[in-house]
Amino acid sequence: MTIKNMNSRIAIPIVTACLVFWVGFSSLSVFGQESLHARIDRLILERTGGEVSHKSSDAEFLRRVSLDFVSHIPSAKDARSFIEDETPNKRQFLIDRLLADDRYAIRMADVFNVSLIERRSKHEEWINYLRSSFSSNKPWDDMVREIVAPDSDNEANRGAAFFYTARLERYGQNPPDVPGLVRDVGRMFLGVDVACAQCHDHLFINDYKQVDYQGLYAFVGNTVLRQDVKFPAITENPLLTKVAFKSVFEGVEKMTGPRLPGGPEIEIPEQNQGEEFLIPPDKKIRAPGVLKFSPIRALSESLTRSDKPEFSKNIANRLWWIMMGRGLVEPLDMHHSGNPASHPELLDLLAREIVEHKFDIKWMLRELALSDTYQRSSIQPTDIAEPPLAASYRTALERPLLSEQWITILREVTGEATTDPKTLTEWQARFDKIFANPPKEPELNVAPTVKAALFLSNDRVVLSWFDRKDGNLVDRLCKLDNTEAIVDEAYLSILTRLPTVVERTDMEHFLDKFKGPREKSIGQMAWALAASTEFFVNH
Amino acid sequence: MNPNSSLCMPNEHRLSRRRLLGTAAGAVGAFGLGGLLQPAVANELSKKDKQVLFIWIDGGMSQFESWDPKPNTLFGGPFRAIPTSVPGVHISELMPQTAKQMHHMAIVRSLCTQDNSHSAGVARIQRGDPKNRGVTYPYFGSAVSNLLGPGSSNLPSYVWIKPGSGGFIHEDAGFLGPKYGALAFGDGKPPENLMRPESISESEDEARHQLRGIVNAHYANRRRPVVSEANKYVFDTARTLMHRRELFDETAFSERDRERYGTHEFGRHMLIGRKMLEAGVRFVKVNSYGWDTHGDNFNGHLSLMPKFDQAYSAVIEDLAASGMLDHVLVIAMSEFGRTPRINGHIGRDHWPESWSLAMAGCGVKKGVVVGKTNDKGTFVDSDPLDIGHMFHTWFRALGIDPNETQFSNAGQPLPIAHDDLHACEEVLA
């Protein structure tokens with residue numbers, strides 16, 4: 001269901017009444033156990049260390065959750081009706097509507113694409129794989145199995161191999177980034193960054209040993225990019241012996257087989273050379289062959305075993321980060337005993353719950369969205385001397401928008417209607433250049449740049465969206481009969497809120513004083529709202 | 001809340017790697033220097049308005065064909081040495097103009113550094129090769145930008161004029177965080193989108209940005225200052241650059257200047273560099289590529305050196321004449337020198353064992369030569385100086401005591417220069 005259907009949904013009183021009854025008890029589950037979101041709030045409130053912000057206004061919440069779940073800014077009409085709607089639990093209905101929206105899968109595909117690939121490159125099959133996975137709400141452990149041990153013969157899922165191929169591709173003279181691949185398996189799926197333990201035990205993180213890096217290397221170090229097909233695909237060379245390595249400090253040779261950090265070593269079955277394959281590779285038809293012992297299959301099984309708390313903690317922490325703007329463990333890929341979670345019991349709880357719910361991502365996101373912690377305002381409590389610490393979650397954190405969101409919402413609010421795919425691809429590339437991080441840089445925080453400031457101020461294409469065109473925002477505003485209505489409509493359309501009295505006066509003053517065509521002054525006012533800090537972040 | 005409570009992780013204080021500006025807490029260490037918004041100490045230093053012109057000769061300039069000629073010796077090559085404006089000091093005949101400016105500058109002939117590959121050397125030298133502490137040290141430009149701040153010009157504090165493309169080179173900043181990265185002007189050209197569209201008049205532009213300010217002020221009220229301040233900073237910088245478009249207007253240079261500096265790329269870039277210094281940019285890096293003369297070294301230097309000589313001597317002459325040399329530190333160097341041995345391709349290879357650099361201004365002694373190499377120029381024949389010594393020396397020239405001042409890496413104090421080395425006192429006035 002899309003947001004356009006929102007009013008009709010809200011307008012059905014009987015359905016609503018039934019739901020209200022049910023929702024009234026929703027903080028208790030069927031067996032009377034406290035719901036996850038209630039337990040989250042309790043654990044957060046235990047350690048706030050100070051006053052918390054008030055609950056977000058309906059407008060702030062509507063904007064936040066729409067950006068989070070469907071990368072979308074509600075229209076002025078939808079915003080108005082949500083703000084005026086008096087249905088109790090309307091927030092919960094909104095959450096459920098958005099989670100059922102087709103755009104949810106697109107949004108989550110963007111989030112996980114940026115997290116897992118870190119903008120190394122792009123591939124349509126990978127995006128399609130992510131979208132269909134989130135569309136069917138595929139459990140995270142299933143996804144990881146498909147990503148870590150990709151199956152080239154399965155047309156629906158083969159795009160998952162892009163996790164490997166994006167790192168094994170050659171860029172210019174750079175060799176395949178095998179160390180990056182090893183590191184990212186640890187970072188993305190276990191929340192540990194063992195890069196600094198490649199040549200020796202980590203210098204100041206006791207938990208990260210060289211054998212942890214080398215053990216991961218034994219799993220994925222034999223993967224090779226397949227050149228014979230157009231879609232992302234890899235093959236594996238047989239692993240016959242353990243990996244030998246030496247610390248640059250000690251110089252003593254050590255060995256390890258495939259092994260997850262801190263886990264048991266997996267035995268490499270004895271195989272004679274020439275007998276490693278179940279189905280040998282066939283060069284004539286370019287079939288890669290099937291190994292008897294496949295380290296990446298072993299990896300996919302070891303990673304997702306239910307007794308692997310690192311795996312569930314990692315995804316719980318990342319989902320928390322998506323919604324709250326900060327990991328319970330920060331940085332996200334630095335889980336170790338010297339860097340405990342800000343709320344250890346909470347992380348344990350989330351990790352346990354996601355296992356119990358069979359790695360149901362949508363369920364977890366829904367619980368997070370229902371929490372007061374998520375629904376707090378980004379406006380700080382009154383009378384405090386210092387901004388609350390981010391890790392206290394007393395005040396909602398501002399979060400960055402992805403470049404994919406930027407182009408969507410800027411077109412959406414201005415009413416820029418182009419549907420030509422070629423133009424859209426060009427524009428996306430342009431927005432990526434401005435708003436996306438360089439390859440291999442995680443996108444974690446709000447990061448304004450001079451580049452973006454110049455782009456928003458002067459880019460011809462973006463500015464043209466604020467020119468009056470049939471049916472676009474400025475056109476709609478121009479057709480309103482008084483200045484107050486224009487200002488209110490502009491604020492609602494762009495910032496999802498009404499202006500304060502002072503703001504309204506300032507805007508009216510600007511419009512009245514402007515020497516030039518009315519539509520130009522309205523266009524510039526709309527631009528000022530869209531180029532503001534408030535528009536720049538998800539707050 | 002007590003900042004020492006258990007919820008306060010070091011990361012709380014770490015800047016996003018790409019953020020151009022964060023909280024004051026983000027970058028300010030125990031010593032209190034650092035944030036762009038850091039008032040007291042940074043202002044105190046910026047009053048002195050010390051600036052740096054860092055001329056990077058990428059690929060490795062040959063010391064034999066420049067600062068340390070050895071004519072008529074086994075490895076000396078075909079070029080002669082010529083006298084300079086300082087009696088007794090000789091440099092290569094490929095630098096006749098520079099020879100006339102010798103009385104403003106100092107030469108260090110006893111460099112002995114660690115790395116002979118470009119890939120490691122360029123970064124290692126520009127990061128001052130500190131002891132390995134498991135963190136990425138900032139390039140000199142980022143370090144100065146962090147320690148001295150942007151000054152009063154409102155312009156970005158670390159500007160890099162380079163051939164090829166430009167952009168925001170945040171990698172230079174290492175652990176200091178991206179706001180100390182370089183703003184690179186590719187071919188001296190302004191960044192994209194610097195020009196206001198013709199459809200918007202100057203007063204309209206002013207008015208729309210003012211309006212944006214009103215919206216922002218409302219938003220900033222009672223919200224965490226970090227994001228609002230960062231956003232204000234980037235828009236202000238963008239606006240400053242827009243207002244200073246003349247910095248990129250090469251037509252404004254006089255015909256005489258253009259001739260003196262040279263109409264070639266390096267000359268043009270040096271002239272833009274001078275303009276950036278005049279405009280108050282704290283640290284300007286000007287770059288010349290293509291010095292890796294493994295083959296045909298002598299013809300290579302015969303073609304490269306005159307361009308360097310022309311632009312370098314012109315900028316020294318101008319900075320001296322305007323008095324700016326009193327507070328502008330000028331450094332010209334590569335990542336290493338070139339081998340004494342002349343290879344089978346009549347080239348010289350990489351040689352970190354004994355090589356030279358030139359420096360001037362900002363309290364550097366005038367007309368001195370520090371250190372020497374042996375007769376054949378194969379090794380240093382005085383106390384060898386590593387790049388760490390040079391970093392100590394430069395920081396001292398800039399009024400920063402490297403033994404008292406530290407960087408802060410998320411609260412971890414780190415020395416600004418190699419802690420086992422020291423400044424070269426001989427060259428400091």
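Two strands pair if DSSP finds at least two bridges between them. In this predicted model, B:Ile55 stands opposite B:Ala332 of E9(B). Six bridges join E1(B) to E9(B), and the two strands run parallel. On E12(B), B:Ala332 has B:Ala358 as its bridge partner. E9(B) and strand E12 (residues 355–360) of chain B are joined by three bridges and run antiparallel.

**The sheet of chain B**

These strands belong to an open sheet of nine strands with mixed pairing, in the order E6-E7-E5-E8-E1-E9-E12-E4-E13 (chain B). Strand E6 (167–169) and strand E13 (368–370) of chain B are at the edges; each has a single partner strand, so one side of each lacks a neighbour in the sheet. Ignoring direction, neighbouring strands of the sheet are turned by 20° against each other on average. Helix H9 (residues 265–279) of chain B packs on this sheet and touches strand E1 (51–57), strand E5 (158–162), strand E8 (283–288) and strand E9 (328–333) of chain B. The direction of H9 makes about 180° with that of E8(B).

B:Ala106 is the residue opposite B:Val368 in E13(B).

| Strand pair | Bridges | Sense |
|---|---|---|
| E1(B) and E9(B) | six bridges | parallel |
| E9(B) and E12(B) | three bridges | antiparallel |

How many residues of E9(B) are buried? Six of its six residues are buried, and the strand is mostly covered. B:Val328, B:Val330 and B:Ala332 point one way from E9(B), while B:Leu329, B:Ile331 and B:Met333 point the other way. Residues on both of these sides are buried.

**Chain B as a whole**

Chain B contains eleven helices and 15 strands. It has 429 residues, of which 54% count as buried. Among contacts in chain B with a separation of 6 or more, 73% are between residues 24 or more positions apart. The domain assignment gives domain 1 (41–190 + 251–427) and domain 2 (203–243). The C-alpha centres of these two domains of chain B lie 37 Å apart.

**Contact between the chains**

Across the interface, 44 residues of chain B are in contact with 51 residues of chain A. On the chain B side, helix H6 (202–220) and helix H7 (225–243) are the elements that give two or more residues. H6(B) gives the most, with eleven residues. By residue class, this side of chain B divides into 22 nonpolar, ten polar and twelve charged.

**A buried residue of chain A**

A:Leu67 lies in helix H4 (residues 58–70) of chain A. Since a residue counts as buried if 20 or more other C-beta atoms lie within 10 Å of its own, A:Leu67 is buried, because it has 23. Leaving out residues up to four places away in sequence, A:Leu67 touches A:Gln405 and A:Asn538. A:Val537 is 470 residues from A:Leu67 in sequence, yet the C-alpha to C-alpha distance is 9.9 Å.

**Confidence**

For the complex, the predictor gives an ipTM of 0.89 and a pTM of 0.78. Chain B has a mean pLDDT of 86, and 89% of its residues reach 70 or more. Over residues 1–47 of chain B the pLDDT is below 50. Beyond near neighbours in sequence, that stretch has 115 contacts in the model.

Conventions:
Residues numbered from 1 in each chain as written. Chains lettered and ligands numbered in written order. Predicted model: local features only at pLDDT ≥ 70, side-chain atom pairs only at ≥ 80, totals over all residues. Contact = placed C-beta atoms within 7 Å. Helix = DSSP H or I, 4+ residues; strand = E, 2+ residues; numbered from the N terminus. Nonpolar A, V, L, I, M, F, W, Y, C, P; charged D, E, K, R; others polar. Buried ≥ 20, exposed ≤ 12 C-beta atoms within 10 Å, placed from the backbone. Domains from an automatic or database assignment. pLDDT = per-residue confidence, 0-100. Axes fitted to C-alpha atoms, helices over the stretch in contact; angles between N-to-C directions.
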